[in-house]
Protein chains: 2
Amino acid sequence: MEELEFENSPSKEIDEETLFIVTQTFKALGDPTRVRILHLLFQKECSVNEIADTLDIRQSTVSHQLRFLKNLRLVKYRRAGTTLYYSHDDEHVMLILKQMIDHACHS
Amino acid sequence: MEELEFENSPSKEIDEETLFIVTQTFKALGDPTRVRILHLLFQKECSVNEIADTLDIRQSTVSHQLRFLKNLRLVKYRRAGTTLYYSHDDEHVMLILKQMIDHACHS
DNA sequence: TGGTTATATGTTAATATGTTCATATAAGCA
DNA sequence: TGCTTATATGAACATATTAACATATAACCA
């Protein structure tokens, strides 16, 4: 069950919907700004301005990218007054990100 | 050593070079054509025309994308006469691709 | 209600990306 | 050498992506 083989389609093409989700998700991880945001959220819940200040990115850019990540359900938020605290929302994808970072470090 | 925590930089930013490699690699996986090619190469070694025919993509497109993947050392090839047989060249990244496909299937 | 702070949104411009066409290269063979 | 097949390359085009700016919304508080 856990060999290095594609579960659904051994020797067949990936179905279109899966392909779409896969590429969309990887696309999300294919941008430095989004990776930096996710890496930060991996460590702790952050408000939008906190992210912007920590990473030295403009607030609107952070907000746009958070929306992007939210659409893919990679992040979520809770409200506290006017402040929105964002956190990651997909353990599996975060684990994949971690793996890739480790992989890149050791190469 | 294998907890869900970023090895090099707990509570720090990813270094620029690592970030570059990570995002480049994810970018490679963020395109349907390249994912289809890699998925095919996961199953077996293929010539360029074989890939083009199997996936119904133009030869030049395949060649361009293979160069892209080769630059990132995600694929390699061996020559047999005029034919080049491509195969995948990064077990770890292929495993990550498999994980994401499984993840997408089950979501 | 009016002011303040936090965040979101719309628009735009610059850049990056992916595919196609046409053509070049390179190996094998008669 | 000349022909054929397999693959690579370059240029052009259309589209997608990103960040920036300006502005809107939304919640809180005096």
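Start at DNA strand C. Select the 24 residues around it; Gln59(A), Tyr86(A), Thr33(B), Arg34(B) and Gln65(B) come nearest. A residue counts as near the strand if one of its heavy atoms lies within 4 Å of it. This is a predicted model: local features need pLDDT of at least 70, side-chain atom pairs count only at pLDDT 80 or more, and totals for chains, interfaces and linings use all residues. Residues are numbered from 1 along each chain as its sequence is written, and side-chain values use heavy atoms, without hydrogens and water.

Sugar or phosphate accounts for 67% of them, bases for the rest.

A polar side-chain atom of Gln65(B) lies 2.6 Å from one. A polar backbone atom of Asn49(A) is 3.0 Å from a phosphate oxygen. For Leu84(A), a backbone N or O atom lies 3.1 Å from a phosphate oxygen.

Select the elements that give two or more residues to this surface: α3 (48–55), α4 (59–71) and β3 (83–88) of chain A, with α2 and α4 (59–71) of chain B. Helices are DSSP runs (H or I, at least four residues) and strands likewise (E, at least two), numbered from the N terminus. α4(A) gives the most, with five residues.

Move to α2 (residues 32–43) and α3 (residues 48–55) of chain B. Their axes, lines fitted to C-alpha atoms over the stretch in contact, come within 11 Å and cross at roughly 115 degrees. Pick Arg36(B), Ile37(B), Leu40(B) and Leu41(B) on α2(B), then Ile51(B), Thr54(B) and Leu55(B) on α3(B); these make the contact (heavy atoms within 4.5 Å).

Notes: Chains lettered and ligands numbered in written order. Axes fitted to C-alpha atoms, helices over the stretch in contact; angles between N-to-C directions. Polar contact = N/O pair within 3.5 Å; in protein donor to acceptor, adjacent residues only side chain to side chain.
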